[in-house]
Amino acid sequence: MADAVAGRDKCGEPRLVSLPLSRIRVIMKSSPEVSSINQEALVLTAKATELFVQHLAACSYRRGSGRERKALTYTDLSKTAEEAETFQFLADILPKKILASKYLKMLKEKRVEDEEENDSGDGNDGHEAES
């Protein structure tokens, strides 16, 4: 599948990548350490990104509940990011979906806990007075 052509350009020629190189260039140039981008590096980054997304999608599909429906869902992606060691760096980007009401309840409980912690302290913020 990696050898498959990702589409055709304006002239009908086969394209090596399907992601728009101009967008990838903009993303790469947004880093302050990058001053110029070699065309080969741009194409390789695009291809690596495509392969990564394909791998993430395939792993998520195999692990997820979407197989019964022949569909890949956000829940499948977030579950894979949380459970698969390879993709754990994506856990903050692909968090589990929760209802707004549940989130607000969690925030309220956290505030109550924080207030209880502050009230239970003896007022010296954990530091003993110096003599």
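Is methionine 106 buried, exposed or partly exposed? At 43% relative accessibility, methionine 106 counts as partly exposed, where buried means under 20% relative accessible area, exposed over 50%, and partly exposed in between, with a 1.4 Å probe and protein chains only.

Before I go on, this is a predicted model: local features need pLDDT of at least 70, side-chain atom pairs count only at pLDDT 80 or more, and totals for chains, interfaces and linings use all residues. Residues are numbered from 1 along each chain as its sequence is written, and side-chain values use heavy atoms, with hydrogens and water left out.

Methionine 106 sits in helix 5, residues 100–120; helices are DSSP runs of H or I, at least four residues, numbered from the N terminus. Together with Ile98, Tyr103 and Leu104, Met106 forms a nonpolar surface patch of about 400 Å² accessible area. Such a patch takes residues with over 30% relative accessible area and no salt bridge, nonpolar side chains being joined within 5 Å. The areas come from the Shrake-Rupley method with a 1.4 Å probe.

Helix 5 also holds lysine 110 and aspartate 114, 4 residues apart, about one turn. They form a salt bridge, with the closest N and O atoms 3.7 Å apart; the criterion is a side-chain nitrogen of Lys or Arg within 4 Å of a carboxyl oxygen of Asp or Glu. The structure holds 4 salt bridges.

Next, helix 2, residues 39–63. Its 25 residues reach 36 Å from first C-alpha to last, close to the 36 Å expected, which is 1.5 Å times one less than the number of residues. The buried residues of helix 2 pack against helix 1 (21–29) and helix 4 (74–83), contact meaning heavy atoms within 4.5 Å.

One of those buried residues is Glu50, with a relative accessible area of 8%. Its side chain meets that of lysine 47 in a salt bridge at 3.7 Å, N to O. Arginine 63 bridges to glutamate 83 at 3.4 Å. That pair links distant parts of the chain, arginine 63 in helix 2 and glutamate 83 in helix 4, 20 residues apart.

The largest nonpolar core has 7 residues: Leu56, Cys59, Ala81, Ala84, Phe87, Leu90 and Leu94. A core here is a set of buried Ala, Val, Leu, Ile, Met, Phe, Trp, Tyr and Cys residues joined through side-chain atoms within 4.5 Å. A second, separate core of 5 residues includes Val17, Ile24, Leu42 and Ala46.

Definitions and conventions. Patch = residues over 30% accessible without salt bridge, like charges linked within 9 Å, V, L, I, M, F, W, Y side chains within 5 Å. Helix = DSSP H or I, 4+ residues; strand = E, 2+ residues; numbered from the N terminus.
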